[in-house]
There are 2 protein chains.
Amino acid sequence: MTQAQLRPPTMADVARLAGVSHQTVSRVLGNHPNVRQETRAKVLRAIEEMGYRRNSSARALATRRTRTLGVVASDTTLYGPASTLFALEEAARAEGYLVSTVSLRRLTVDKLSEALDHLSEGGVEGVVAIAPQRSAVEALAGLRYPFPVVTVGSGSGLGIPSVCVDQYAGACLATGHLLAAGHRQVWHLAGPEDWQEAADRAAGWRATLEAAGVEPPLMLRGDWSPQSGYRAGQELARRAGSGLTAVFVANDQMALGVLRALREAGVRTPEDVAVVGFDDIPESEFYAPPLTTVRQDFPAVGRQSIAMLLGLIEGCGPPGPAPIAIEPQLVVRASTFPYTPGQDARTA
Amino acid sequence: MTQAQLRPPTMADVARLAGVSHQTVSRVLGNHPNVRQETRAKVLRAIEEMGYRRNSSARALATRRTRTLGVVASDTTLYGPASTLFALEEAARAEGYLVSTVSLRRLTVDKLSEALDHLSEGGVEGVVAIAPQRSAVEALAGLRYPFPVVTVGSGSGLGIPSVCVDQYAGACLATGHLLAAGHRQVWHLAGPEDWQEAADRAAGWRATLEAAGVEPPLMLRGDWSPQSGYRAGQELARRAGSGLTAVFVANDQMALGVLRALREAGVRTPEDVAVVGFDDIPESEFYAPPLTTVRQDFPAVGRQSIAMLLGLIEGCGPPGPAPIAIEPQLVVRASTFPYTPGQDARTA
DNA sequence: AGGTGAATTGTTAGCGCTCACAATGACCCC
DNA sequence: GGGGTCATTGTGAGCGCTAACAATTCACCT
């Protein structure tokens, strides 16, 4: 006999039907201890009957908590950002928070600040910014918002709390793998200059070579796209004649372009040139040949970021937890030779 | 001389500083016409000075509008869903709405209903569900929520408003292209049975063949992943010896697996077997060989869905706009022969 | 001067909920 | 039997905003 109503029922309506005060209804909903079992049942029945749902705005107003977090992301059709976004959302939901997302095509300082304003209007209690570009993060450091902001994938060091995978370590893994397989020299196709991750991967590559007593060769640059990898691949193919045998590419998509360029130039992988990527996107296993690459633990990134943000929101402590780095993992496939002691890769 | 305050300033604080009533502040913020220029300036100065921001919860409570939409998505690391999500979010933001997202790893009836409950708790005014699986949409038809729900990528016909790309037309384009290039027969590697898009693509394929007087061969099935494409590709390679010359694969990622299986079996593409994919993901241009595929207009999907949802929210009319289908587009690359009249593809 | 209407501003009453506190009653102990 | 405790429930006052209406001011006309 639930009659259709224009206004959804309020707590007072439920209270009236159950013959209690609105506060008792609130207590039942809030799982407060001191409610008689019988009363609780009565209230629950009334709630059920009226199809009652608490009004979130009123609740938020009274408690001063919206239980909403914001996320700013860009390039969400790429595997890395999409995975991070997913992980963040899942972690936040597990903590009972709603997530409002702003996706940007390109992350610029203006757009980032607009996005934060938009989220601020929406009443978020904190924001995670997937901001892998240094310029954006630097700008962020200057702005003031009435809620904490945590960044993902950017370096820390600007005083903004941040979580990231240890890109440097991943690059060491990749470069070390190539050296161990017998290569005398390892080239690098890096990501865009402004990206912290690109810089960290390049630094890891350079350091590993130097530690092995190898002078790092000219570093190439792409923009993460297969297209840019293809162009760089043509350059690499040209050098394959004069001693180039191994390349560490800063992401899998560029590696795809490199593989195509090498193949078109008649350069075999891994016999002539070994290739290592970064990210372990699902497709990389099916490239020609399947790609050796570095896997990142995105779910861990999501959990850590949300944990850090909630710490900032609830603890209110400006110091915040120390920056966290998550360890990546090497996945060896057919685009490189496995490590075989005493054997030179080039003659395998 | 802005002093730090524990509680953020309220409208009343601003009003006091500006020497007006709080209602005048509200009018300035709401861009109401009848405020004297001078008063407006005074108020704006006070707002600026105090760093005042309207409290969204209080606003939502008073207006009964949260200006928040919900989106339920799954498989967001795939290109299609990620693009749709991005387009939705952008379209909603353009209309001044905040978007709360729930991403699901796998879309099941239970998870979908949990997601809608979670969004409902968050006070969304409407939800777009990216629900490409028929079972989920059917379940949705049974549930009642206090807000309208629009689906994307599911068929309509269940009484739930829906927007999608015309998959059937896309499949006709793909299959027709192969027939026009001279192939006598076209095989099909379909997506999972439960997916509406997979069913529509299969139907378009079948209808095109039948219209050309060709008996459709056995249909293979995958699960969208490169792995499943690889397995199906091995089967296809086996049949390449006995007359198979063309395959229409239901998405690009499976096509990647097919290409690899064919290559490993020594079957050349397109000389021995031509392959067409679906989606036009950014990488497909760099496959070996570059993939002929069907491009979908995701931004249009986003705009239409949001427009439909807002129509339902604001118009309140249960009839709602008619289901909208968006036209896809064929992108021809090297994995197929272009159409050359009078020439048999197999001898090209 | 008095009246009319428009422009501008202030006043009041909620929106639906939670919090702090008061009130009630049951029970127990000396 | 009075006073204490505990469990349970109700009351009242906001949270910060907008909407409706009332009040004021001012320009302009007859």
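The model is predicted.

Start with DNA strand C. There are 25 residues around DNA strand C, and those that come nearest are A:Met11, A:Ser26, A:Ala58, A:Ala62 and B:Gln23. H4(A) has the largest share, five residues. Sorted by class, the surface near DNA strand C holds nine nonpolar, twelve polar and four charged residues.

Turn now to DNA strand D. Helix H2 (22–29) and helix H4 (56–63) of chain A, and helix H2 (22–29) and helix H4 (56–63) of chain B, each supply at least two residues of the surface near DNA strand D. Here H4(B) gives the most, with five residues. The surface near DNA strand D has nine nonpolar, twelve polar and four charged residues.

One of these helices, H2(B), also packs against another helix. Two packed helices are described by the angle between their axes and the distance between the axes. For H2(B) and helix H3 (residues 37–50) of chain B, the angle is about 95° and the axes are 10 Å apart. H2(B) is therefore roughly perpendicular to H3(B). In this contact, B:Thr24, B:Val25 and B:Val28 of H2(B) meet B:Thr39, B:Arg40, B:Val43 and B:Leu44 of H3(B). By class, the contact has four nonpolar, two polar and one charged residues.

How values were computed. Residues are numbered from 1 along each chain as its sequence is written. Chains are lettered from A and ligands numbered from 1 in the order in which they are written. This is a predicted model: local features need pLDDT of at least 70, side-chain atom pairs count only at pLDDT 80 or more; totals for chains, interfaces and linings use all residues. Helices (H or I, at least four residues) and strands (E, at least two) are DSSP runs, numbered from the N terminus. Ala, Val, Leu, Ile, Met, Phe, Trp, Tyr, Cys and Pro count as nonpolar, Asp, Glu, Lys and Arg as charged, and the others, Gly among them, as polar. Axes are lines fitted to C-alpha atoms, for helices over the stretch in contact, and angles run from 0 to 180 degrees between N-to-C directions. Angles under 35 degrees count as roughly parallel, over 145 as roughly antiparallel, 65 to 115 as roughly perpendicular and the rest as oblique. Two residues are in contact if their C-beta atoms, placed from the backbone, lie within 7 Å. A residue is near a molecule or strand if its C-beta atom, placed from the backbone, lies within 6 Å of it.
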